Every structure is written in structure tokens, then in C-alpha cells.
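This report concerns charged side chains and how they pair in one protein model. Please examine the sequence and structure shown here before reading on.

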Amino acid sequence: LVSYDKESNSLITVENVDHDLSGVYRTNFRTGDRKLIYRHDVVDIDAVLTDDESKVYGATLMDGYHTLIFFKGENETKDRIKKLKSLFPGSTISPSAESDDSTKSTFMVSSDINPGIHYLYDSTSDSLTPLGKYWGSIDYSNLSFMEPIAFKSRDGTTIHGYLTLPINYKKGDKIPVVVNPHGGPWARDRWGFNPEIQYLANKGYGVFQMNFRGSVGYGRKFWECSFKEWGKSMQDDITDGVYWLINEGIADSNRIAIYGASYGGYATLAGLTFTPDLYACGVDYVGVSNIFTLLETLPPYWELGR
């Protein structure tokens, strides 16, 4: 459930009931008509954008990069966001607040090489005023781009992910790489600023993140095919990604580390156990080493997730 549109007496929802990928729907309470507003071809909907009157004007998704989709129809908030987006190409625009008369609004601009800068926009004067930025002491020119990648796993499944290379990397260089599987596992790696990834890249490491099967955001089937596949096809996706990186001539096969937290920590232990010759070392941070012990010792605030 996203919102209720009073004008049309309709409920706005994000669903994947009749399709592998989630879409934005409008259901009219008077007629019972259910209409698809938007669905992407590759990824699920991240969030639906609404104005102060709960009117839907767009959606966000993560198809490699952060993407804004605007729906048809007139909407002042949509027009303002579109204008701001045009001023900061290649960045994520995150609205935060606006004045009662909608002439002034605050928002944040961020990207893979920008931790975040807050601005005030005045539509009457069409002016932008910087309000402050995160990690102001960091020289943003020293940060590395996070590039979306994709490869085929051994059974033909397409696996998406990200590769961050040191800023002094030259094509043909074979460099040490840190493979960084995400936790969850029902989560996903996303494009954007990540201080840990930037730290490793700044020290000369390539950082390889992949959304192995079971990662969310790529449809129901991609999620469901991970069931009971810990240490099996889910781990194969990680292993096959490492071989892909070696075959691309980027990774030095003798200097590959694996490091992850939670499920990523489990994947680290599994990688060191099942493919010990692939990794020079590994770091398991709060990783799951025994699923039975995990379930038996869940803290109270985790009970609803059991």
C-alpha cells in the first residue's frame, strides 16, 4: 500500500501478484477496476513518489544506477523534481521538505562519488543555495566510480553487481581485489556512496559486489531460486563472478580476498571452505557459521522474523 487518492477514490499499491516483477497499480473503489500504472522490464519498483496531497507522480528503481521514472499527468512537485534532476545529471535527488506555499524546498544531491550535499531551492527566484554537505573534509576528487556490471553464472543466470576500481587504475592492470558479498541474504547492493568501498578503493583495491540469486529487487523468481541454496548455487554465483573478473583481466588471481558481514560473512566462510585456492584470505564479520545456533539464540526483537 502506497497511498489513497481521494480525487479518484483509488488505492495506489505496489504488487507482484500477477507478474514476476512488481508494478505500481491503481484500484478504483467505485468500479473495482485495477490498472497497471508502471512496471520496469528488469527490476522491481523501489519506491513510489507522492506529493503532499498523496498524489502519485513517479517511482524510483535501481537498474544499475538510481533511476527516476515520472508518470503522465500534470503535477507541480514532479515538474520541480524534473528541473532539479536536470541540474544534477548522474546524481540521486532526494526531496526532504518544502514550504507551505511550495515556493521553497530542500533536497539532497548524492552519487557514488558524492556522500551528499543539501540545497535550498527557491522557485520564485530560481536559485539554489548550498546548506551543507556530508564528510566535508573529504576531497571528492579522490573518490572512485562505482560501475554497474553483469555476468552469467554457470547455469546461465544473469547476475548483476558493481565494480569499484582505484582512481589510478589503467586498463590491462591486474590488481588485488576484495570480493564483498552483501548480507541478508534477502537484500541487495546498490549504487551510491559507500565509505567502506571507497576506503578500500583508495588503498589500491578493486572492490567487487554482486547481487547473487536471492538478492531482492530482481523479481520473485530470482528471489525464490535461492531457497535452500546457501552454500550451493548462491555461492556458485559469487565464485563464478570472481572467475569472470579474472578472465576480464582485472583481478590478480593470486591476490583476491573475500570479506562480508552477516550472510556475507557466511559466504566468506563458504568461499574459504569450498574454493580455498581462489582466495588469498578472508574476513568474516558477524557471519553466520551455524544456522541452528542462530535460530536458537535469536534476540527478542528478531522474533517476528523467525
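Does D18 count as buried, partly exposed or exposed? D18 counts as partly exposed, at 48% relative accessibility; buried means under 20% relative accessible area, exposed over 50%, and partly exposed in between (1.4 Å probe, protein chains only).

This is a predicted model, in which local features need pLDDT of at least 70, side-chain atom pairs count only at pLDDT 80 or more, and totals for chains, interfaces and linings use all residues. Residues are numbered from 1 along each chain as its sequence is written, and side-chain values use heavy atoms, with hydrogens and water left out.

Side chains of opposite charge can pair when their charged atoms come close. A search of the whole structure finds 13 salt bridges, a salt bridge being a side-chain nitrogen of Lys or Arg within 4 Å of a carboxyl oxygen of Asp or Glu. The table lists three of these pairs, including the one formed by D18.

| Pair | N to O distance |
|---|---|
| R39 and D18 | 3.8 Å |
| D240 and R154 | 2.8 Å |
| E224 and R220 | 3.9 Å |

In the salt bridge between R39 and D18, R39 counts as buried at 19% relative accessibility. R39 lies in the loop between β4 (34–38) and β5 (47–50) and D18 in the loop between β2 (10–15) and β3 (23–28), so the pair ties together parts 21 residues apart in sequence. Helices (H or I, at least four residues) and strands (E, at least two) are DSSP runs, numbered from the N terminus.

D240 is buried, at 12%, whereas R154 is exposed, at 54%.
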